[in-house]
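Consider the model shown below.

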Amino acid sequence: MWMKWIAIIGVFIIVSLGIAAIYSGYRWQSDTDKLRAKLTSGRRTIEPKIYDQKELEGLPAPVQRFFRTVLKDGQPIVTAVKLSQTGEFNMSETEDKWSPFTATQFVITQRLGFDWDARIQMAPGVNIFVHDTYLLGEGNLHASLLGFFTLAKMHNTPELNQGELLRFFAEAAWYPTALLPSQGVRWEAIDDTSARATLTDGATTVSLVFQFNAEGAIATMRADARYRDKLTAMPWGGRFWEYSVCDGMLIPLRGEVGWEHPEGTRLYYKGLITEINWEHPEKGRNAG
């Protein structure tokens, strides 16, 4: 008899966990939908709607070469991006503990913002759900085990806002019209292969140094200091490669990002874009 009751209890536990997983997944998706609806409602009209190479006059030589490499004259300005990613995420700050992840991301270029919705697999059937968001000038980070048990939650501190705006800025390699001067970016010369770009959104201003490869596309990006937490800022950067022409733009499909420690760079993200779609003022949505 006791074996029967053990079996019944086991089935009950499995069913309960399954119901909890379904509920938490539904609740997490509902939060994702709400975040992305807020991003959409905060959109502003983009001007100009079309890229004109005359906009490059006076920019540093490597920046002019970059835009001529990745954009064609008359390219519609990107207003929004939807993409899917796969890759690996290092959950340890001291050693290599890489876990596979999948993610979707929604980006708005004016008023700029994004939501990254990821599932990081810690064990078979056990995922950490992550929202990494920049919305109306405010950063938000929420990590949850199975979408149910909160592991980390931060919102709207100056340090977090700076870090999330840096992320938007760095990832503009995937939506390069957002790096144009007409979209609010200021460029300064450094040398023949690199330049410093500065972007302001509300009360937050960030700068990145972009280095360009022999073809003129972005090879690396770097910030002198990005906040890891409220007290610690460190050099932060990454690199892009595997470029492909999509919707008339040359974009990287692979990238990696990490923190620069005195002993060397410790990567925490390695990703591949598996699908990407852009929206433009004139053309609507296009797939890549």
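Which elements each supply at least two residues of the lining of the second largest pocket? They are α1 (2-41) and β5 (138-145), where helices (H or I, at least four residues) and strands (E, at least two) are DSSP runs numbered from the N terminus. This is a predicted model, in which local features need pLDDT of at least 70, side-chain atom pairs count only at pLDDT 80 or more, and totals for chains, interfaces and linings use all residues. Residues are numbered from 1 along each chain as its sequence is written, and side-chain values use heavy atoms, with hydrogens and water left out.

A pocket is an open set of points on a 1 Å grid over the protein atoms alone, where a 1.4 Å probe fits, with protein on both sides within 12 Å along at least five of seven lines; lining residues have an atom within 4 Å of a point. The second largest pocket holds about 220 Å³, and α1 gives the most to its lining, with 4 residues. Among the lining residues are Asp 31, Lys 34, His 131 and Lys 153.

The largest pocket has a volume of about 1100 Å³. Of its 43 lining residues, Phe 89, Leu 141, Arg 228, Trp 259 and Tyr 268 are the closest to its centre. Helix α3 (residues 158-170) provides the largest share of this lining, 6 residues.

Ser 99 belongs to strand β2 (residues 98-109). Ser 99 counts as buried because its relative accessibility is 8%, buried meaning under 20% relative accessible area (1.4 Å probe, protein chains only). Beyond its neighbours within four places in sequence, Ser 99 is in contact (heavy atoms within 4.5 Å) with residues including Phe 89 and Ile 120.

Note on methods: Buried < 20%, exposed > 50% of the residue type's maximum accessible area, 1.4 Å probe, protein only. Points joined across faces, edges and corners; volume = space filled by probe spheres on them.
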